[in-house]
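Welcome! Please load the model below in your viewer and keep it open while you read.

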Amino acid sequence: MIVVAGEALIDLVPQHAAGDRTDTTTPAPLLPRLGGGPFNTAVALGRLGSPAAFCSRISTDVFGDMLMEGLRASGVDTSLVQRGPEPTTLAVAALGPDGSAGFGFYAEGSADRLFELPPSLPPEVRALALGTCSLVLEPGASAYEALLRRESARGVFTLLDPNIRPGLIPDPDAYRTRFTGWLSSVTLLKLSEDDAAWLGGVPAEWTARGPAAVVLTRGGEGMTVWTADGTEVSVPAEAVSVVDTIGAGDAVNAAVLHALSSREALSPSGLVGLGAAGWREVLRFACGVAGEACGRAGA
């Protein structure tokens, strides 16, 4: 089983007429879509056929019930989900002409911020994935960080996707310091070019601090991986008609984990042992899955 831990929320996505995002004078109606980086990753894993579980705190409000049903409908185990009466976090998406998305968040006092560290994960758990808002918003952020460190220390494969949302980070320097401190507990670091630029680091620096591999997504240019033994592999992106990029990075997380699991490579030695040919297959598969996400509205 692969456990994904972090927030589940509702994306309010603008619905432009016939996909036209050039008209900035007429406000587009906002439609609710199930979302949140970790939630999207768990759903994608379930749809790909990997045994997956979601670990979070979800509201008992109507949106929370919708999120729970979305997990179950995709075959995701919800036994690790905590429930609470606090409201569901809302994220308002703003789409650029190219389909890229920016977000504003309504997260004060929401359910996912009150996540508490659960007991040890089941022994059949092979991997744990974390990231996005859940590692920023306290008090839950400290609980997710403790989960990362605890499970890594007992040998669980860990994936970290920082998925930086600058508007949620009041002290960038403090966050960058925390990020650096997480790396010793991370097996695979996955991030976008924008994330890397904001964090101010480079793959060689990060692999030296712990991760066995770093996967960098480069939008329409594809993906690149660097491994701790010096392997570097790049693949081009799939040619798709982009509706929006919401959830594309989350789809990559799921696709990479699914592909690694199918190759029995969910370990530091497994990542290095893939070699250039194996990584090329994994990244090509991930590009295809990300392309599917980009061709549809919302995550």
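What follows is a short tour of helix packing, backbone geometry and a few individual residues.

**Ground rules**

This is a predicted model, in which local features need pLDDT of at least 70, side-chain atom pairs count only at pLDDT 80 or more, and totals for chains, interfaces and linings use all residues. Residues are numbered from 1 along each chain as its sequence is written, and side-chain values use heavy atoms, with hydrogens and water left out. Helices (H or I, at least four residues) and strands (E, at least two) are DSSP runs, numbered from the N terminus.

**Two helix pairs**

Two packed helices are described by the angle between their axes and the distance between the axes. Here the axes are lines fitted to C-alpha atoms, for helices over the stretch in contact, and the angles run from 0 to 180 degrees between N-to-C directions.

Start with helix α1 (residues 37-48) and helix α2 (residues 62-73), which pack at an angle of about 30 degrees with their axes 8 Å apart. That makes α1 roughly parallel to α2; angles under 35 degrees count as roughly parallel, over 145 as roughly antiparallel, 65 to 115 as roughly perpendicular and the rest as oblique. Phe 39, Ala 42 and Val 43 make the contact on the α1 side, and Leu 67, Gly 70 and Leu 71 make it on the α2 side. Contact means heavy atoms within 4.5 Å. By class, the contact of α1 with α2 has 5 nonpolar, 1 polar and no charged residues. In this scheme Ala, Val, Leu, Ile, Met, Phe, Trp, Tyr, Cys and Pro count as nonpolar, Asp, Glu, Lys and Arg as charged, and the others, Gly among them, as polar.

Now turn to helix α3 (residues 140-153) and α4, whose axes come within 11 Å and cross at roughly 20 degrees. α3 and α4 are therefore roughly parallel to each other. From α3 the contact draws on Ala 141, Glu 145, Leu 148 and Arg 149, and from α4 on Arg 178, Gly 181 and Trp 182. The residues of this contact of α3 with α4 divide into 3 nonpolar, 1 polar and 3 charged.

α2 has 12 residues and reaches 16 Å from its first C-alpha to its last, close to the 16 Å expected at 1.5 Å a residue. The expected span is 1.5 Å times one less than the number of residues. Which residues of α2 are buried? They are Gly 64, Leu 67, Met 68, Gly 70 and Leu 71. They cover an arc of only 160 degrees around the axis, which puts them on the same side of α2; the arc is that of the directions from the helix axis to the C-beta atoms. Buried means under 20% relative accessible area, exposed over 50%, and partly exposed in between (1.4 Å probe, protein chains only). The face of α2 turned away from its buried side carries the exposed residues Val 62 and Ala 73. The buried residues of α2 pack against β2 (9-14), β3 (30-35), α1, β4 (52-55), β5 (57-59) and β6 (82-84).

Helix α7 (residues 248-262) has 15 residues and spans 21 Å from its first C-alpha to its last, close to the 21 Å expected at 1.5 Å a residue. As 13 of the 15 residues of α7 are buried, this helix is largely enclosed by the rest of the structure.

**Backbone geometry worth a check**

Glu 264, in the loop between α7 and α8 (268-273), has a positive phi of about 55 degrees although it is not a glycine. Thr 132 also has a positive phi, of about 65 degrees, and is not a glycine; Thr 132 sits in the loop between β9 and α3. The loop between β9 (127-131) and α3 holds Pro 139 as well, and the peptide bond from Glu 138 to Pro 139 is cis, with omega near 5 degrees.

**Residues by accessibility**

| Residue | Relative accessible area | Class |
|---|---|---|
| Thr 132 | 5% | buried |
| Thr 217 | 13% | buried |
| Arg 165 | 25% | partly exposed |
| Phe 285 | 32% | partly exposed |
| Glu 264 | 61% | exposed |

Arg 165 is found in the loop between β10 (157-161) and α4 (172-182). Not counting residues up to four places away in sequence, Arg 165 touches Phe 103, Phe 105, Thr 132 and Cys 133.

Phe 285 belongs to helix α9 (residues 275-294). Leaving aside neighbours within four places in sequence, Phe 285 is in contact with Leu 48, Ala 255, His 258 and Ala 259.
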